[in-house]
Amino acid sequence: EEGLPGDWKKLPEFPKLLIIRALRTDRMGEALSTFVRKEMGEKYVTSLPFSLPRSFQDASPETPVFFILSPGVDPVKDTEELGKAYGISYEQGNLGLVSLGQGQEEVAQKIVETAYKNGGWGFLQNIHLTPAWTGSWLERRCDDLSTAHENFRLFLSAEPAMLPINILQVCVKLTNEPPDGLKPNLLKAMAPFSDEFFECSKPAELR
């Protein structure tokens, strides 16, 4: 964000980008963030902390949730916690989970079809490990969810890979990568706590 030397200080923001691109390509990421912040506003360069409950509002029986996996992140726990708020759990028999791999395709199909007909949640992990099955049965299933039970929800997860475009198009896509900077990390750390937690009757316990 330092000013350029000499008369270059008077240049508009976009020509400054061109100079940085020519002289310091390693600084283009920061330069682009600064450009967007000045021209469009802070909100366009500040990522919101990951919140599955908020994103879940966009899901529906016809719109699955797709998690793009990143190192050290396990969306299963977040999904299990969210399910409890909706009466969905393994104990209730309306939550099915399978990690895809060799020989797990039939198990996955049974989980999806049971939840599709009776209502419930199905979570298929690592769908990138079974490309043939993902590009055939799962893609067809995702293309035809119009008659699903109103309480049906489908969750998918995969590492970044070549996946059928039809699956990606119908899903709400989420990723939970570690944020950059102090403020986004603080927001992420505070996200699991509600206002009621901080307004409890024992403030001494928070000191």
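Which residues does Leu124 touch, not counting residues up to four places away in sequence? In this predicted model, Leu124 touches Val98, Leu100, Ala108, Val112, Trp133, Leu138, Leu154, Phe155, Leu156 and Ser157. Leu124 also belongs to the largest nonpolar core, where it is among the residues that touch the most other members.

**Overall fold**

- The protein chain contains nine helices and five strands.
- Along the sequence, these elements follow the pattern α-α-α-β-α-β-α-β-α-β-α-β-α-α.
- The protein chain has 207 residues, of which 36% count as buried.
- Among contacts between residues at least 6 apart in sequence, 71% join residues at least 24 apart.
- The protein chain exposes about 13400 Å², and carbon and sulfur atoms supply 53% of that area.

**Nonpolar cores**

- In soluble globular proteins, nonpolar side chains tend to be buried together.
- The largest nonpolar core holds 23 residues, and Leu124, Ile127, Leu138, Phe152 and Leu156 are the ones that touch the most other members.
- Two or more residues of this core come from each of the elements α5 (105–118), α6 (131–143) and β4 (153–158).
- Helix α5 provides the largest share of this core, with five residues.
- A second, separate core has 14 residues, including Phe56, Leu82, Trp121 and Phe123.

**The cavity**

- Rolling a probe the size of a water molecule over the atoms shows where empty space is left.
- A search of the whole structure finds one cavity of 30 Å³ or more.
- The volume of the largest cavity is about 70 Å³.
- Its lining consists of Phe50, Phe67, Ile68, Leu69, Ser70, Val73, Pro75, Asp78, Leu174, Thr175 and Asn176.
- The elements β1 (65–68), α4 (75–85) and β5 (172–175) each give two or more residues to the lining of the largest cavity.
- By class, this lining comprises seven nonpolar, three polar and one charged residues.

**Lys16, a buried lysine**

- Lys16 lies in helix α1 (residues 13–23).
- Lys16 counts as buried because its relative accessibility is 17%, which is under the 20% limit for that class.
- Leaving aside residues up to four places away in sequence, Lys16 touches Leu4, Trp8, Lys9 and Leu11.

**Glu106, an exposed glutamate**

- Glu106 itself is exposed, because its relative accessible area is 66% and the exposed class begins over 50%.
- Glu106 and Trp133 are 27 residues apart along the chain, and their C-alpha atoms are separated by 9.9 Å.

- Asn126 sits in the loop between β3 (121–125) and α6.
- Most residues other than glycine have a negative phi.
- Asn126 is not a glycine, yet its phi is positive, at about 55°.
- Asn126 is also buried, since its relative accessible area is 17%.

Conventions: Residues are numbered from 1 along each chain as its sequence is written. This is a predicted model: local features need pLDDT of at least 70, side-chain atom pairs count only at pLDDT 80 or more; totals for chains, interfaces and linings use all residues. Side-chain values use heavy atoms; hydrogens and water are left out. Helices (H or I, at least four residues) and strands (E, at least two) are DSSP runs, numbered from the N terminus. Buried means under 20% relative accessible area, exposed over 50%, partly exposed in between (1.4 Å probe, protein chains only). Contact means heavy atoms within 4.5 Å. A nonpolar core is a set of buried Ala, Val, Leu, Ile, Met, Phe, Trp, Tyr and Cys residues joined through side-chain atoms within 4.5 Å. Accessible areas come from the Shrake-Rupley method with a 1.4 Å probe; for residues, only the protein chains shown count as cover. On a 1 Å grid over the protein atoms alone, a cavity is a set of points where a 1.4 Å probe fits but cannot get out, and a pocket is an open set with protein on both sides within 12 Å along at least five of seven lines; lining residues have an atom within 4 Å of a point. Grid points are joined across faces, edges and corners, and a volume is the space filled by probe spheres set on the points. Ala, Val, Leu, Ile, Met, Phe, Trp, Tyr, Cys and Pro count as nonpolar, Asp, Glu, Lys and Arg as charged, and the others, Gly among them, as polar.
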